[in-house]
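User: I am new to reading protein structures. Could you walk me through one, feature by feature?

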Amino acid sequence: MALRQHVRRAVFERDNYRCRYCGVRYVDRRTSEPVASCPYDGPSWASRQRWVGLLHVDHVIPRCKGGTDDPDNLVTACRTCNLEKYDYIWEPRPIEVPACV
């Protein structure tokens, strides 16, 4: 069963649109806003294709190994890390919380 859009968005926002495995963060160069999928509406399918699915919501403990859809078991992962991880269990990086000054 697919995750609901609001759950996906909440995970992306919690992780600041950053892959919790390798640390990569995708940002739209035009607006400096973080992106999780294609920000362009251009006519070229090929130009959109490199942006589609840049970030995935991944289960830290895969569902096939008893993992749940609980937010504590969900992390933001770039496409490369998510596909390489497959059904293994990787330790995600801790969430970076900005220091209060």
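Analyst: Start with the elements. Helices (H or I, at least four residues) and strands (E, at least two) are DSSP runs, numbered from the N terminus. Here the elements of the protein chain run α-α-β-β-α from the N terminus on. That gives three helices and two strands. Two notes on reading come next. This is a predicted model, where local features need pLDDT of at least 70, side-chain atom pairs count only at pLDDT 80 or more, and totals for chains, interfaces and linings use all residues. Residues are numbered from 1 along each chain as its sequence is written, and side-chain values use heavy atoms, with hydrogens and water left out.

User: How do I read burial, and what percentage of the residues of the protein chain count as buried?

Analyst: Buried means under 20% relative accessible area, exposed means over 50%, and partly exposed lies in between (1.4 Å probe, protein chains only). Of the 101 residues in the protein chain, 32% count as buried.

User: And the surface as a whole?

Analyst: Accessible areas come from the Shrake-Rupley method with a 1.4 Å probe; for residues, only the protein chains shown count as cover. The accessible surface of the protein chain is about 7,000 Å². Carbon and sulfur atoms hold 53% of that surface.

User: How do I read strand pairing, and how many bridges join β1 to β2?

Analyst: Two strands pair if DSSP finds at least two bridges between them. Five bridges join β1 to β2, and the two strands run antiparallel. Look at His59, which stands opposite Leu74 in β2.

User: What is a nonpolar core?

Analyst: In soluble globular proteins, nonpolar side chains tend to be buried together. A nonpolar core is a set of buried Ala, Val, Leu, Ile, Met, Phe, Trp, Tyr and Cys residues joined through side-chain atoms within 4.5 Å. In this model the largest nonpolar core has 14 residues, and Cys19, Tyr21 and Val57 touch the most other members. The elements that give two or more residues to this core are α1, β1 and β2. Strand β2 gives the most, with four residues.

User: Which residues does Tyr21 contact?

Analyst: Contact means heavy atoms within 4.5 Å. Leave aside neighbours within four places in sequence; Tyr21 then contacts a list including Asp58, His59, Val75, Lys85 and Trp90. For the chain overall, take contacts with a separation of 6 or more: residues 24 or more positions apart account for 53% of them.

User: How do I spot a salt bridge, and how many does the structure hold?

Analyst: Side chains of opposite charge can pair when their charged atoms come close. A salt bridge is a side-chain nitrogen of Lys or Arg within 4 Å of a carboxyl oxygen of Asp or Glu. The structure holds four. One joins Lys85 and Asp58, with the closest N and O atoms 3.2 Å apart. This pair links distant parts of the chain, 27 residues apart: Lys85 is in helix α3 (residues 79-85) and Asp58 in strand β1 (residues 55-59). Lys85 is buried at 0% relative accessibility. Asp58 is buried too, at 6%.

User: Which residues are linked in a network of salt bridges?

Analyst: Arg14, Asp15 and Arg20 are. Arg14 pairs with Asp15, the closest N and O atoms being 2.9 Å apart. Asp15 also meets Arg20, at 3.1 Å from N to O. Arg14 is partly exposed at 29%, while Asp15 is buried at 6%.

User: Where does Arg20 lie?

Analyst: Arg20 lies in the loop between α1 (5-14) and α2 (45-49). Arg20 is buried, with a relative accessible area of 12%. Not counting residues up to four places away in sequence, Arg20 touches several residues, among them Arg14, Asp15, Val75 and Ile95.
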